Amino acid sequence: MTDLDTFRSDTRAWLEANCPPEMREPVRSDADVCWGGRGYDPDANPPQKAWLDAMAGRGWTVPDWPRDYGGGGLSAAETKVLREEMAAIRARNPLNSFGISMLGPALLKYGTEEQKLEHLPKIARGEIRWCQGYSEPNAGSDLAGLAASAEDAGDHYIVNGQKVWTSYADKADWIFCLVRTSKASKQGGISFVLFDMASPGVSTKPILLISGYSPFCETFMDDVKVPKANRIHDENKGWDVAKYLLGHEREMISGMGLGGGGRNPLIEGAIATVGLDHDGRLADPVLRTQIALFEVRAKAFAAMSERFIDELKAGRAHPAQPSMMKYVGTELNKDRHELMMAAGGSDALEWESERSGTGAAPRAWLRTKANSIEGGTSEIQLNIIAKRILELPGA
């Protein structure tokens with residue numbers, strides 16, 4: 001028996017003993033997702049809190065981070081085994097966090113030792129919830145055109161400006177934010193700073209989407225005092241941090257192409273609507289073919305995702321590969337929900353009824369329209385793929 005086999009056996013036994021049955025059920029809504037943070041209510045869902053504490057106690061909310069920063073110190077191979085064993089029992093992710101998926105990797109690469117020790121353990125334990133201050137009303141795809149300013153005031157900056165499409169800004173504790181510290185050049189005048197959302201001068205305003213629900217907000221900064229100790233990397237070098245973080249954001253967003261573990265609502269909805277024929281197949285041959293073709297694409301994407309993660313952990317992934325993953329994953333997720341609407345028939349159009357979960361299907365379908373915009377539009381991703389992966393002339 002190899003060391004990895006022993007680790008797998010031990011991990012399987014530990015998960016079986018420590019993952020509550022409730023945390024093996026499919027996620028039904030955002031209320032089932034643990035985001036942690038100062039506003040997290042541990043009494044609202046005791047099994048969820050027990051699962052978070054158990055995983056954080058072993059450093060397994062961030063299994064491949066160093067133990068000094070709250071991680072598990074696992075190798076890439078051990079981390080993969082942990083993910084596989086969690087998937088085998090359909091265990092929920094113990095903690096969703098932009099701190100884990102985006103800020104953490106950037107801090108590990110560019111942060112000082114003091115910054116790592118200050119922020120990473122709190123992220124790993126789910127104590128602080130983060131949001132991302134990138135896009136502005138006039139700086140979306142042209143992110144380097146951002147105008148939010150940071151005026152030098154000695155040992156701190158005075159930040160003024162507005163961010164938009166800030167996911168969960170109204171619920172976040174801290175923000176990682178791009179600000180302009182010089183007008184000498186677009187990309188060369190940007191700095192990357194962190195500050196508390198409770199700081200004087202910070203305010204948020206939710207943005208309502210066509211789905212009737214939105215995590216997005218406008219974020220306003222009026223004379224916000226930000227210590228220079230909270231700047232990551234050198235002044236005017238924030239674009240390097242921003243680009244590195246965007247790669248991890250696109251990796252995170254691409255994961256939606258994998259769908260949820262466990263249940264397959266696409267198949268379930270189709271069976272409920274059209275039924276099965278005498279051979280146990282979907283009674284509608286056209287819908288059956290469409291779903292079969294989609295499932296082939298989904299499995300191919302899952303295999304590609306596994307390979308990408310392995311290459312990323314080993315440092316062999318192409319720098320532009322997250323753009324490819326983001327494009328395919330988001331388009332796949334949009335196609336999934338289009339099929340779910342088609343499979344659901346007229347029932348899928350219900351908007352407020354109790355049996356439809358107050359219109360869960362159509363609201364989720366409408367929400368997917370933003371997938372190919374957030375984190376960089378599909379058109380931008382295709383341009384990056386053409387230029388940096390395919391090396392097409394004139395791209």
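Here are legends for several close-up views of this predicted model.

**View 1**
The record places "domain: Acyl-CoA dehydrogenase/oxidase N-terminal" at residues 47-127. In the model this span is 62% helix and 0% strand, and its end C-alpha atoms lie 17 Å apart. The record also gives "domain: Acyl-CoA oxidase/dehydrogenase middle" for residues 131-224. Here the make-up is 0% helix and 45% strand, with 16 Å between the end C-alpha atoms.

**View 2. Asp-30 and its contacts.**
Look for Asp-30 in the loop that links α1 (3-18) to α2 (46-58). Asp-30 is partly exposed, because its relative accessible area is 34%. Leaving out residues up to four places away in sequence, Asp-30 touches Trp-35, Tyr-168 and Tyr-213.

**View 3. Pro-94, a buried loop residue.**
Pro-94 sits in the loop between α3 (76-88) and α4 (98-110). With a relative accessible area of 2%, Pro-94 is buried. Beyond its neighbours within four places in sequence, Pro-94 is in contact with Cys-34, Trp-51, Leu-52, Met-55, Thr-61 and Met-86. Gln-48 is 46 residues from Pro-94 along the chain, yet 7.4 Å separates their C-alpha atoms.

**View 4. Ser-167 between two strands of the chain.**
The loop between β3 (156-163) and β4 (174-180) holds Ser-167. Is this residue, Ser-167, buried or exposed? Its relative accessible area is 18%, so Ser-167 counts as buried. Ser-167 touches Phe-98, Cys-131, Pro-215 and Phe-216, once residues up to four places away in sequence are set aside.

**View 5. Positive phi at Asp-223 and Asn-236.**
Most residues other than glycine have a negative phi. Asp-223 has a positive phi near 55°, and Asn-236 has a positive phi near 70°. Asp-223 belongs to strand β7 (residues 217-227), whereas Asn-236 lies in the loop between β8 (231-232) and α6 (238-254). Asp-223 is exposed at a relative accessible area of 53%, while Asn-236 is partly exposed at 22%.

**View 6. Helices α7 and α8 side by side.**
Two packed helices are described by the angle between their axes and the distance between the axes. For helix α7 (residues 265-274) and helix α8 (residues 285-313), the axes come within 12 Å and cross at roughly 175°. That angle is over 145 degrees, so α7 is roughly antiparallel to α8. At the contact, Leu-266, Ile-267, Ala-270 and Val-274 of α7 meet Leu-287, Ile-291, Phe-294 and Glu-295 of α8. Sorted by type, the residues of this contact are seven nonpolar, no polar and one charged.

**View 7. Helix α9 and the glycine after it.**
How far apart are the end C-alpha atoms of helix α9 (residues 321-344)? They are 35 Å apart, which agrees with the 34 Å that 24 residues should span at 1.5 Å a residue. Just past α9 comes Gly-345, whose phi is positive, at about 60°.

Note on methods. Residues numbered from 1 in each chain as written. Predicted model: local features only at pLDDT ≥ 70, side-chain atom pairs only at ≥ 80, totals over all residues. Heavy atoms only, no water. UniProt positions renumbered as here; feature names shortened; annotations may be inferred. Helix = DSSP H or I, 4+ residues; strand = E, 2+ residues; numbered from the N terminus. Buried < 20%, exposed > 50% of the residue type's maximum accessible area, 1.4 Å probe, protein only. Contact = heavy atoms within 4.5 Å. Expected span 1.5 Å × (residues − 1). Axes fitted to C-alpha atoms, helices over the stretch in contact; angles between N-to-C directions. Parallel < 35°, antiparallel > 145°, perpendicular 65-115°, else oblique. Nonpolar A, V, L, I, M, F, W, Y, C, P; charged D, E, K, R; others polar.
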